[in-house]
Amino acid sequence: MATTTTAPAQSTSTTAASFPIVLALCFSHFLNDMVQVLLPAIYPIIKNTYALDFGQIGLLTLAFQLTASLLQPVVGMMTDRYPQPFSLVAGMGSTLVGLLLLAHAHSYGALLFGAMMIGTGSSIFHPEATRMARMASGGRHGFTQSLFQVGGQTGQAAGPLLAAFVIVTNGQQSLSWFSGAALVAMAVLTWVGLWYRAQAPKPAKARQMGAMPVQGSLGPGVALAVGILFLLMFSKNAYTASLTSYYTFYLIHKFGVAIQTSQMLLFLFLIAQVTGSLAGGYLGDKIGRRAIIWISILGAVPFTLALPFANLFWTGVLTVIIGFIMASAFPAILTFAIDMMPARVGMTAGLFYGVAFGLGALSAAALGVLADWTSIETVYRACAFLPLLGLAAWFLPRVEQHKV
């Protein structure tokens, strides 16, 4: 039987003084992820230019996402103990270097190294940015986390659109035009860093002794709950990886659409994720994280099962519905975990962002090999059953929380 615990009380609103910080972090997340998603957005271009197979495409995703996933928990643990107000600026600098490398790469090895630099920037950005957003939330943790997530997902949605109308037209080197976005983000994050430094974050020991009491800890049950949340993340991210990495190829192969058309349909899927994430965070504060997790993962099953058999029109409709439903999971999952371990925000954020990237990386690589061995259609038939892993949500503890 699931245990019941009480999460820390939440205040009713974000303070006026801190809400601009939330918006600044949301905007920076938009720019950060917009730049990062240009890598998978240009896959159809570089596949032809470098004569790559699907396995090599999957390896590029692996290089990017494993770099991000392996470093994020380490960054989170370090910043829990020693807060770094300007680490986000450094992370964005790494992303800038990776972007320029991708723009001017003359070999597959250079593409891999550029992908790794972008992954490193992501690993530095997310854990500490999550802590800053939570600090500025005024207690509305679910809504603020979803707003922060929306910034990133909007950037992810903009990437394929920019690739379709800028990079496809002007070539791979036009990636360097987006270096200005990274520079703007670095300027905004410098201002955020000054605000964060003024808050004088206390070291981990002090937070555990009083400043941030560990309320809602489940003791030995935390490990079980985290394991279940990781499994739920796998069901979500493995399926999402099939769309973000291979959806354009699926559309081109099955329906014969142009690259620009496939990028536009990918854009619609990613926009659906934006709205789903915002809805999930808001409703998670209202009806509970556990309920949102159930809805967001299992609710997608009928639509994922129907997708491989749909025509072009219904493929677009179904992927929008799937994107909306499944995207509502991440803010609820992350906030659920942080509510159980509030003194370890950086480590928890790093683990879950890292697991999200890592699971996406492994899934993308495996799905690329499966596509080479069989067909791209087989990938979507196999992935249709992944959301059924959401049944594991039955074993999550029932965490009581104050409604806002």
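Predicted model: local features only at pLDDT ≥ 70, side-chain atom pairs only at ≥ 80, totals over all residues.
Reader: Is Ala51 buried or exposed?
Author: The cut-off for exposed is over 50% relative accessible area. Ala51 has 64% relative accessibility, so Ala51 counts as exposed.

Reader: What is phi of Ala51 near?
Author: Most residues other than glycine have a negative phi. Ala51 is a residue other than glycine, yet its phi is positive. The value is near 55°.

Reader: Which residue lies over the face of Phe54?
Author: Look at the ring centre of Phe54. At 4.9 Å from that centre lies a lysine. The residue is Lys47.

Reader: How many aromatic pairs does the count come to?
Author: Ring centres must lie within 6.5 Å to pair. By this rule the count comes to 7.

Reader: What is the angle between the planes of Phe54 and Phe249?
Author: Phe54 and Phe249 have ring centres 5.2 Å apart. This pair links helix H4 to helix H10, across 195 residues. Phe54 is buried, and Phe249 is buried too. The pair is edge-to-face because the planes stand at 85°.

Reader: Which residues do ring pairs link into a cluster with Phe54?
Author: The cluster partners of Phe54 are Tyr246 and Phe249.

Reader: Which residues is Thr240 in contact with, leaving aside its neighbours within four places in sequence?
Author: Thr240 is in helix H10. Its relative accessible area is 10%, so Thr240 is buried. Beyond those neighbours, Thr240 is in contact with Phe269 and Gln273.

Reader: Is Ser28 buried or exposed?
Author: Ser28 lies in helix H1 (residues 19-36). Not counting residues up to four places away in sequence, Ser28 touches Met92, Phe125, Ala185, Val188 and Leu189. Its relative accessibility is 0%, so Ser28 counts as buried.

Reader: What separates the C-alpha atoms of Ser28 and Met186?
Author: Along the chain, Ser28 and Met186 are 158 residues apart. In the model, their C-alpha atoms are separated by 8.2 Å.

Reader: Which helix gives the most to the nonpolar patch?
Author: The patch is formed by Tyr282, Leu283, Ile287 and Ile295, with about 370 Å² of accessible area together. Tyr282 has 40% relative accessibility and so counts as partly exposed. Tyr282 is found in helix H11. With 3 residues, the top contributor is helix H11 (residues 259-287).

Reader: What share of the chain's residues count as buried?
Author: The chain has 17 helices and 2 strands. Its accessible surface comes to about 14900 Å², with 72% belonging to carbon and sulfur atoms. Of its 404 residues, the buried share is 61%.

Technical notes: Residues numbered from 1 in each chain as written. Heavy atoms only, no water. Patch = residues over 30% accessible without salt bridge, like charges linked within 9 Å, V, L, I, M, F, W, Y side chains within 5 Å. Areas by Shrake-Rupley, 256 points an atom, 1.4 Å probe, with all protein chains shown as cover. Salt bridge = Lys/Arg side-chain N within 4 Å of Asp/Glu carboxyl O. Helix = DSSP H or I, 4+ residues; strand = E, 2+ residues; numbered from the N terminus. Buried < 20%, exposed > 50% of the residue type's maximum accessible area, 1.4 Å probe, protein only. Phe/Tyr/Trp six-rings, centres within 6.5 Å; stacked < 30°, edge-to-face > 60°. Lys NZ or Arg CZ within 6 Å of the ring centre and 35° of its normal. Contact = heavy atoms within 4.5 Å.
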